Amino acid sequence: MTTWLVIIAVGAGSYVFRALPVLVDARWLRSARFEQTVGYAGTAALAALIATGFRGSATSLTTGIAVAAAAAVAVGVAVRSRSMYGIMLAGASAYAAIMGTAWLVA
Amino acid sequence: MAPRWHDQPRWFRMVAPALLIEPTWALAEAQPIDVSPGAARGFFLGAAITLGVAWSGMIAVGALIGSALPRVGLDLAAPLCLLAIVGPKLRDRPHQWAAVTAAAAALVGQHWPAGTGILFAILAGSVAAQLARRSMR
C-alpha cells in the first residue's frame with residue numbers, strides 16, 4: 001500500500017513539474033532567450049543520463065574499454081551525421097567488436 | 001515545451017505534459033517553430049501514441065524479463081538510444097558545450113542523493129552553453 005502511494009505521489013509530482021510551465025501562460029516563457037536556455041537544459045539532461053548510463057554499463061576493465069570505444073564512436077557519428085540509426089549501429093558495433101576480440105583472446 | 005505550446009487549446013496543454021518523455025520531447029523539439037498549432041498538435045499526439053507507447057512498453061518488458069536475459073551488453077542500448085535522440089543537436093557548438101559539461105558534472109555528482117547530481121549537471125550544462133553562445137558573438 002505504501003509503495004503504491006509513493007508511486008502515485010511521485011507520478012503526480014512529476015506531472016505537476018511538467019504541466020505547470022505549460023499551463024501557466026507567462027510572457028517570459030515565450031521569449032526566445034528562455035526557449036534557447038531550456039533547449040540547452042534538454043541537451044544537458046540527456047547528456048547527463050547518457051554519461052551515467054555509459055558509466056553504469058562499464059562493470060569491468062574489458063566492458064569499460066568497450067563502452068568507452070562505443071561512446072567515442074557513437075559521439076563521433078552523432079557530430080558528423082544526423083542519422084539516429086547510424087549512431088546506434090556504430091556504437092553497438094564498436095562495443096561488439098571489442099567484446100568479441102576480448103572473448104577470442106581469452 | 002511551454003513556448004511552443006502557448007497557442008494550443010487548454011485540453012492539449014493538460015494532456016500533453018503527461019505524454020512528454022525523452023523520445024516525444026526530442027521529436028517535438030526538432031520540429032520547426034513556425035508550424036501551425038494544429039499540425040504541431042497532430043504531430044506530437046502521433047509521436048506520443050506510437051513512440052511513447054512503444055518506449056514505455058519496452059521499459060515494462062525490460063523490467064519484467066531483463067534480469068532473465070543473458071549478459072550481452074543490452075544495458076548499453078539505453079544510453080545509445082538517448083545519444084541517438086540528442087545526437088542531431090551536437091553539431092551546434094553551444095549544444096556541444098552543454099553536453100560535455102553536463103556529462104562531466106553528472107559523473108562527478110552520480111552518487112549525490114535524490115537526483116541532485118542530475119540537476120547539478122543540467123545547470124552546469126546550461127551555463128556552459130550560454131557562455132559558449134556569448135563567446136561566439
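User: How many cavities of 30 Å³ or more does a search of the whole structure find?

Analyst: The search finds two, and the largest cavity holds about 40 Å³ of space. Before we go on, a note on the model: it is predicted, so local features need pLDDT of at least 70 and side-chain atom pairs pLDDT 80 or more, whereas totals for chains, interfaces and linings use all residues. Residues are numbered from 1 along each chain as its sequence is written, chains are lettered from A and ligands numbered from 1 in the order written, and side-chain values use heavy atoms, without hydrogens and water.

User: Which residues line the largest cavity?

Analyst: From chain A come A:Glu35, A:Val38 and A:Gly39, and from chain B come B:Met1, B:Pro3, B:Arg4 and B:Glu29. Three of these lining residues are nonpolar, one is polar and three are charged (Ala, Val, Leu, Ile, Met, Phe, Trp, Tyr, Cys and Pro count as nonpolar, Asp, Glu, Lys and Arg as charged, the others, Gly among them, as polar). Helix α2(A) gives the largest share of the lining, three residues, and α1 of chain B supplies at least two.

User: How many helices and strands are there in chain B?

Analyst: Helices (H or I, at least four residues) and strands (E, at least two) are DSSP runs, numbered from the N terminus. Chain B has seven helices and zero strands, so its pattern along the sequence is α-α-α-α-α-α-α. Its C-alpha trace spans about 45 × 45 × 30 Å along the principal axes.

User: Now the pockets. How much space lies in the largest pocket?

Analyst: About 1,100 Å³. The largest pocket has 25 lining residues, and A:Phe17, A:Arg18, A:Ala45, B:Leu20 and B:Ile122 lie nearest its centre. Both chains take part: α1 (2-23) and α2 of chain A, and α1, α3 and α7 of chain B, each supply at least two lining residues. Helix α2(A) has the largest share here, with seven residues. By type, the lining of the largest pocket divides into 19 nonpolar, three polar and three charged residues.

User: And how much space lies in the second largest pocket?

Analyst: That pocket holds about 720 Å³. It is lined by 22 residues, with B:Met58, B:Gly62, B:Leu74, B:Ala77 and B:Ala78 closest to its centre. The elements giving two or more residues to this lining are α4 and α5 of chain B, and α4(B) gives the most, eight residues. The lining of the second largest pocket counts 15 nonpolar, four polar and three charged residues.

User: How many residues of chain B are in contact with chain A?

Analyst: Contact means heavy atoms within 4.5 Å. In this model, 55 residues of chain B are in contact with 47 residues of chain A. Within chain B, 65% of the contacts between residues at least 6 apart in sequence join residues at least 24 apart.

User: Is B:Val108 buried or exposed?

Analyst: Buried means under 20% relative accessible area, exposed over 50%, and partly exposed in between (1.4 Å probe, protein chains only). B:Val108 counts as exposed because its relative accessible area is 58%. B:Val108 sits in helix α6 (residues 93-108) of chain B. B:Ala16 is 92 residues from B:Val108 in sequence, and their C-alpha atoms are 33 Å apart in space.

User: Which residues of α3(B) are buried?

Analyst: They are B:Pro23, B:Thr24, B:Trp25, B:Ala26, B:Ala28 and B:Glu29. Their cover includes α2 of chain A, plus α1 (2-5), α4 and α5 of chain B. For the whole of chain B, 39% of its 137 residues count as buried.

Conventions:
1 Å grid on protein atoms, 1.4 Å probe; cavity = no way out; pocket = protein on both sides within 12 Å on 5 of 7 lines; lining within 4 Å. Points joined across faces, edges and corners; volume = space filled by probe spheres on them.
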